[in-house]
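Q: I am new to this structure. Could you show me how to read its features, one at a time?

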Amino acid sequence: MTERKDDRLWGGRFEREPNVQFDAFQRSFAFDRRLLPYEIAVDRAWARALEPIGIFTATELKQTLAALDKIAERARTDAAWLEKLGAEAEDVHHFVEKALFEELGPLGWKLHTGRSRNELVATDFRLFVIDAAAQVQKALSALLNSFLLQAKANLGVPMAGMTHMQHAQPILLSHFLLAHAEAFTRDIARLQHAAASADACPMGSGALAGNSFAIDRHAIARELGFSRITANSLDAVSDRDFALDYLFALTGIATHLSRLAEDFVIFASQEFSYVILPDEFSTGSSLMPQKKNPDCWELIRGKTGRITGALLGLLTTLKGLPTSYQRDLQEDKEALFAAHDQVADMIAVATGALAATKFNARRLEAAASNPALLATEAADYLVHKGIPFRQAHGIVGKVLREAEKQNISWMALPLDALKKISQAFEADFAESLSVEAALSKKRVPGGTAPENVRAAIADLEARLNRKTSKTGAKS
Ligand code: ARG
């Protein structure tokens with residue numbers, strides 16, 4: 001039996017040292033050290049709340065706050081110290097208590113009065129998620145700006161809109177780009193929801209039951225920038241919904257990025273040649289000298305799996321956990337940190353690659369002028385001549401079949417050949433069929449008519465400007 005070194009936060013009732021392998025297994029400092037700035041902020045708020053209830057004298061409070069500042073500073077500047085003390089710490093909470101003891105002796109042991117690591121870790125993690133969501137939101141604004149610039153620069157370029165990867169109807173390239181921008185705009189709303197879900201302070205919840213020292217929970221929440229306190233102490237130490245919400249927002253972003261990536265991988269293929277890949281975001285082949293590969297988009301598409309995995313991982317961890325704090329919850333952090341870092345990188349790379357991408361207007365226009373894309377316009381023409389749509393659809397089908405038989409474009413069929421199929425065709429038919437006419441008719445709100453797309457560009461620009469001025473006012 002080894003003599004206990006009583007440095008653990010919970011060693012009193014234990015006779016023997018923990019198994020070495022288990023001890024390494026249960027430690028979390030290696031990853032939760034990332035929460036240190038939040039832990040110290042929470043410690044400062046807690047220390048302040050301990051003074052009015054008589055746990056700290058004014059002097060002790062001052063000494064504790066000064067020591068916490070010193071620890072924060074040292075953690076930033078003295079890597080050797082951080083590593084050494086960290087190697088002995090079970091988690092970030094233990095780390096700070098050890099550092100406080102180094103600074104203050106037994107006074108350092110007072111700060112933990114009435115509180116539990118269960119509420120601390122929930123509070124730190126919420127603060128992390130709030131900051132992380134804001135950071136990713138800023139990155140998405142930059143991505144939206146890349147879409148805006150490309151939509152503006154390519155305004156007027158038509159492309160072949162597709163469904164099922166088959167030519168469908170002409171659209172504007174800018175309309176396609178703004179479709180992606182819409183998806184990322186929804187992601188911003190999801191990030192805001194995740195931040196709102198994290199925005200409740202658990203401090204004062206104790207290990208599960210609450211606090212016996214009449215601590216001022218509202219004052220602590222205010223000092224930490226939370227707009228509210230959690231409502232139920234037991235829920236507060238169990239709840240990781242804010243982490244799920246954040247992972248869901250990240251998964252949404254990654255899924256949208258992977259769709260964008262897929263579009264660009266296809267567009268960069270020789271068969272399409274819609275885009276010219278930027279050298280700065282592409283790689284070559286070690287064997288084939290001619291290759292320029294869309295690796296940036298392939299990696300964005302590929303890394304999406306990890307983000308989805310992080311969400312599913314946490315859902316799986318949480319499934320069936322009893323109410324209250326369980327040590328399983330320690331598994332909430334690593335994957336979320338990694339998903340956050342990955343998504344931040346993915347957005348940054350996508351933003352740069354999109355900005356540097358050149359669109360091949362000639363190829364896009366050539367595809368858009370495939371006559372097949374105007375078949376719906378032909379049916380609409382007949383509708384304007386009073387023919388019920390289903391019948392018009394059938395007539396145009398016959399026209400296409402006849403052209404195929406003659407091995408010519410259906411738009412090259414002379415009027416008398418058309419009249420044999422339907423008397424409704426008249427001399428104005430040919431001139432009504434053009435990409436420009438098809439585009440300009442899509443004037444319904446949300447449609448691809450040039451005037452709508454111009455308005456959508458202006459709207460996105462206004463939204464982005466509002467956002468920048470808002471962040472500008474805050475800092
Ligand atoms: N390191 C733990 C976590 O990340 C917090 C500590 C709570 N530990 C405990 N035994 N109650 O969740």
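Q: How many residues does helix H3 have, and how far does it reach from its first C-alpha to its last?

A: First, the ground rules. This is a predicted model, in which local features need pLDDT of at least 70 and side-chain atom pairs count only at pLDDT 80 or more, while totals for chains, interfaces and linings use all residues. Residues are numbered from 1 along each chain as its sequence is written, and side-chain values use heavy atoms, with hydrogens and water left out. Helices (H or I, at least four residues) and strands (E, at least two) are DSSP runs, numbered from the N terminus. The expected span of a helix is 1.5 Å times one less than its number of residues. Now the case: H3 covers residues 36-50, which is 15 residues. The helix reaches 21 Å, close to the 21 Å expected.

Q: What span should helix H11 have at 1.5 Å a residue?

A: H11 (residues 241-268) has 28 residues, so it should span 40 Å. Its end C-alpha atoms are 40 Å apart, which agrees.

Q: Is H3 mostly covered or mostly open?

A: Start with the cut-offs. Buried means under 20% relative accessible area, exposed means over 50%, and partly exposed is in between (1.4 Å probe, protein chains only). H3 is mostly covered, with twelve of its 15 residues buried. Among them are Tyr38, Trp46 and Leu50.

Q: What covers the buried residues of H3?

A: Several helices do. They include H2 (29-32), H4 (58-77), H5 (79-88), H6 (92-104), H7 (117-153) and H9 (217-224). Contact here means heavy atoms within 4.5 Å.

Q: How many residues of H11 are buried?

A: The count is 22 of 28, so H11 is mostly covered by the rule for buried residues.

Q: Is Arg126 buried or exposed?

A: Arg126 is found in helix H7. Its relative accessibility is 1%, so it counts as buried. Leaving aside neighbours within four places in sequence, Arg126 is in contact with residues including Ser197, Asp199, Phe226, Asp239 and Phe242.

Q: Which backbone oxygen does the side chain of Arg126 reach?

A: A polar contact is a pair of N or O atoms within 3.5 Å. Within protein, one must be able to donate a hydrogen and the other to accept it, and residues adjacent in sequence count only if both atoms are side-chain atoms. The side chain of Arg126 reaches the backbone oxygen of Ala200 at 3.2 Å.

Q: Which side chain makes a polar contact with the side chain of Arg463?

A: That of Glu182, at 3.5 Å. Arg463 is found in helix H20 (residues 450-474). Beyond its neighbours within four places in sequence, Arg463 is in contact with Glu182 and Thr185.

Q: Where does Ser285 lie?

A: In the loop between strand E3 (275-276) and helix H12 (295-318). Ser285 has 24% relative accessibility, so it counts as partly exposed. Its side chain has a polar atom 2.9 Å from the backbone nitrogen of Leu287. The side chain of Ser285 also reaches the backbone nitrogen of Met288, at 2.7 Å. Not counting residues up to four places away in sequence, Ser285 touches Lys291 and Asn293.

Q: Which residues are around the ligand?

A: A residue is near a molecule or strand if one of its heavy atoms lies within 4 Å of it. The residues around the ligand are Ser28, Asp32, Asp91, Arg117, Asn118, Val121, Tyr325, Gln330 and Lys333. H7 gives the most to this shell, with three residues.

Q: What is 2.9 Å from a nitrogen atom of the ligand?

A: An N or O atom in the side chain of Asn118. The protein covers 86% of the 350 Å² of accessible area that the ligand has on its own. Accessible areas come from the Shrake-Rupley method with a 1.4 Å probe; for residues, only the protein chains shown count as cover.

Q: What is the phi of Ala214?

A: Most residues other than glycine have a negative phi. Phi of Ala214 is near 55°, a positive value. Ala214 sits in the loop between helix H8 (173-198) and H9. At 64% relative accessibility, Ala214 counts as exposed.
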